[in-house]
Amino acid sequence: YDKVYPYWSEFDVRPPVQPGLDAPVYQADFGRVGMAICFDANFPEVWKRLADQGAELVIWPSAYSAGTTLQTHALANHFYVVTSTQTCDCLAYDITGAQLHYSKTEGLNVARLTLDLDRGIYHENFNNAKRDRLLAEHGDEVVQEQYLPREAWYVLAAKRPGVSARELARAYGLEELRDYIDRSRREIDRMRGWAFAAKRD
């Protein structure tokens, strides 16, 4: 029960100060899976650390539902969030922050979802010419699945199994939105003379 932030009544189970305690991310055969628990929903830095470790999907077991709090984390960090709660509901949020699923029952709730962890979000900044060339040369393999004009973002996805849209995008020099924001933060802070976090692997 390794919450980064235990609830106030839980300090006898999990002391609040433990060196090295962090939000874990694991490499599964289908992608990188992060874990946050219950009260961790209230602390954006936990979710940023999951993103910094490359989480593509975050599983969140909890005593309560949290709702749009989790939507905020999915949107800000561009990973999927899927919940399993004591309130017998299940929520799933997309990398864009859109709600993909909600179900609730009075007893045991079993939800089945298919998530494509190969989808990536890209900003229009510095990427459009590369995207256009990618789609022109690999239009049978990759599609611009979604366009968010107010955010100036788009989502690239593979059109068929065995193709990685994210790998092809990297090969064409496209930088994912999460990496673009992190790089911008580091470089602007460096010019200010501020300390900055190490780059995510």
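**Close-up views of a predicted model**

**View 1. The buried residues of helix α1.** Val-46, Trp-47, Leu-50 and Ala-51 are the buried residues of α1. Around the helix axis they cover an arc of only 140°, so they sit on the same side of α1. The elements that cover these buried residues include the strands β1 (25-28), β2 (31-35), β3 (57-62) and β4, along with the helices α2 and α5 (177-192). After α1 comes Gly-54, and its phi is positive, near 85°. Please keep in mind that this is a predicted model.

**View 2. Confidence along the chain.** For the protein chain the mean pLDDT is 90, and 91% of the residues reach 70 or more. Residues 197-201 deserve a careful eye, as their pLDDT is below 50. In the model this stretch has nine contacts beyond near neighbours in sequence.

View 3. The structure holds five aromatic pairs, and one of them joins Trp-47 and Phe-79. This pair is tilted, with 6.3 Å from centre to centre and 45° between the planes. Which parts of the chain does the pair link? Trp-47 belongs to helix α1 (residues 44-52), while Phe-79 is found in the loop between α2 (68-77) and β4 (80-85). The two residues are 32 residues apart, and their pair links distant parts of the chain. Trp-47 has a relative accessibility of 0% and so counts as buried. Phe-79 is buried as well, its relative accessible area being 0%.

**View 4. An edge-to-face pair, Phe-39 and Phe-43.** Among the five aromatic pairs is the one formed by Phe-39 and Phe-43, with ring centres 5.4 Å apart. Why is this pair edge-to-face? The planes of the two rings stand at 75°, and an angle over 60 degrees counts as edge-to-face.

**View 5. The largest nonpolar core and another one.** Here we look at the largest nonpolar core, which has 21 residues. Trp-47, Leu-50, Leu-70 and Phe-79 are the residues with the most contacts inside it. At least two residues of this core come from each of α1, β3, α2 and β5 (89-93). Which element gives the most to this core? Helix α1 does, with four residues. Another core lies apart from the largest one and has 14 residues, including Val-82, Cys-90, Leu-117 and Ile-121.

**View 6. Arginines over aromatic faces.** Two arginine side chains are worth a look here. Arg-131 lies over the face of Tyr-154, at 4.5 Å from the ring centre. For Arg-192, the ring is that of Trp-194: the arginine lies over its face, 4.7 Å from the ring centre.

View 7. Most residues other than glycine have a negative phi. Ala-66, in the loop between β3 and α2, has a positive phi near 70°. With a relative accessible area of 17%, Ala-66 is buried. Cys-88 is found in the loop between β4 and β5. Although Cys-88 is not a glycine, its phi is positive, at about 65°. Is Cys-88 buried or exposed? Its relative accessibility is 19%, and since buried means under 20%, Cys-88 counts as buried.

How values were computed. Residues numbered from 1 in each chain as written. Predicted model: local features only at pLDDT ≥ 70, side-chain atom pairs only at ≥ 80, totals over all residues. Heavy atoms only, no water. pLDDT = per-residue confidence, 0-100. Contact = heavy atoms within 4.5 Å. Phe/Tyr/Trp six-rings, centres within 6.5 Å; stacked < 30°, edge-to-face > 60°. Buried < 20%, exposed > 50% of the residue type's maximum accessible area, 1.4 Å probe, protein only. Lys NZ or Arg CZ within 6 Å of the ring centre and 35° of its normal. Arc of directions from axis to C-beta. Core = buried A, V, L, I, M, F, W, Y, C linked by side-chain atoms within 4.5 Å.
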